[in-house]
Amino acid sequence: MCNYCGCREFPLIGRLSQEHWDIAECAGALRRAIGEARHDDATALLDELLARLIPHTATEESGLFAELRAEGALADEVQRLCAEHTDIHGVLETIDRTSPDWPAVLKALDRLHQHIDHEEHGLFPAAVIMLPLAAWDRITPEQPGFLEGRTALEDRSKVPPGR
């Protein structure tokens, strides 16, 4: 997870990063259960992973990703990440619990790990730079104006071109 740029100071990024940590821990436990042939545990962990993943993805796509799409500069990256959400969910949500395809789950977990890495070390730091403060206020309703008074970041919508 990202620990170098300060993006976690943004409440939504901090929350999504913590959820990534929790998802990665659950995915690791699922991977171990599959590897140890503890299939009942693996099935329960798959359900737990989905219970974490589905609301996390909804938060990303309806909040941060929507703002990044509207801003425009990262729209292609957001599109790619949404396609990865669809791919990963498509595998994990359709696993037959009576006869699970564990190799498919393991491949999806590999893609999930890479996906989280891209968000943590690419998208989240870029979002901090790209989005104007008003966008952060819109997607951080529990803390409106949380960036007021900060001088390290400027509202890009108010910065003259070329600065």
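A helix axis here is a line fitted to the C-alpha atoms over the stretch in contact, and angles run from 0 to 180 degrees between N-to-C directions. Keep that in mind for the views below, which show a predicted model.

**View 1. Helices α2 and α3 pack with their axes crossing at roughly 160°.** The two axes come within 11 Å. Angles over 145 degrees count as roughly antiparallel. With the axes of α2 and α3 crossing at roughly 160°, that makes α2 roughly antiparallel to α3. The handedness of this crossing is left-handed. On the α2 side, the contact takes in Leu46, Leu49, Leu50, Leu53, Ile54, Thr57, Glu60, Glu61, Phe65, Leu68 and Arg69. They meet Ala75, Val78, Leu81, Cys82, His85, Ile88, His89 and Leu92 in α3. Sorted by class, the contact of α2 with α3 comes to 13 nonpolar, 3 polar and 3 charged residues.

**View 2. Helix α1 (residues 11–35) lies against helix α2 (residues 39–71).** Their axes come within 9 Å and cross at roughly 155°. The pair α1 and α2 is therefore roughly antiparallel. Look along the packing and you'll find that α1 passes α2 in a left-handed crossing. What meets in this contact, by class, is 16 nonpolar, 3 polar and 7 charged residues.

**View 3. Helix α1 also packs with α4.** Here the axes come within 10 Å, crossing at roughly 155°. So α1 and α4 are roughly antiparallel to each other, and α1 passes α4 in a left-handed crossing. From α1, the contact is made by Ile13, Leu16, Ser17, His20, Ile23, Ala27, Leu30, Arg31 and Ile34. From α4 come Trp102, Val105, Leu106, Leu109, Asp110, Leu112, Ile116, Glu119, Glu120 and Phe124. The tally for the contact of α1 with α4 is 13 nonpolar, 2 polar and 4 charged residues.

**View 4. A cavity is lined by residues from α1, α2, α3 and α4.** Rolling a probe the size of a water molecule over the atoms shows where empty space is left. Doing that here turns up 1 cavity of 30 Å³ or more, and the largest cavity has a volume of about 60 Å³. Which of its 14 lining residues are closest to the centre? They're Leu53, Thr57, His85, Leu112 and His115. Each of α1, α2, α3 (75–92) and α4 (102–130) supplies at least two residues of the lining.

Notes: Residues are numbered from 1 along each chain as its sequence is written. This is a predicted model: local features need pLDDT of at least 70, side-chain atom pairs count only at pLDDT 80 or more; totals for chains, interfaces and linings use all residues. Side-chain values use heavy atoms; hydrogens and water are left out. Helices (H or I, at least four residues) and strands (E, at least two) are DSSP runs, numbered from the N terminus. Angles under 35 degrees count as roughly parallel, over 145 as roughly antiparallel, 65 to 115 as roughly perpendicular and the rest as oblique. A crossing is left-handed if the near helix is turned anticlockwise from the far one by less than a right angle, and right-handed if clockwise. Ala, Val, Leu, Ile, Met, Phe, Trp, Tyr, Cys and Pro count as nonpolar, Asp, Glu, Lys and Arg as charged, and the others, Gly among them, as polar. On a 1 Å grid over the protein atoms alone, a cavity is a set of points where a 1.4 Å probe fits but cannot get out, and a pocket is an open set with protein on both sides within 12 Å along at least five of seven lines; lining residues have an atom within 4 Å of a point. Grid points are joined across faces, edges and corners, and a volume is the space filled by probe spheres set on the points. Contact means heavy atoms within 4.5 Å.
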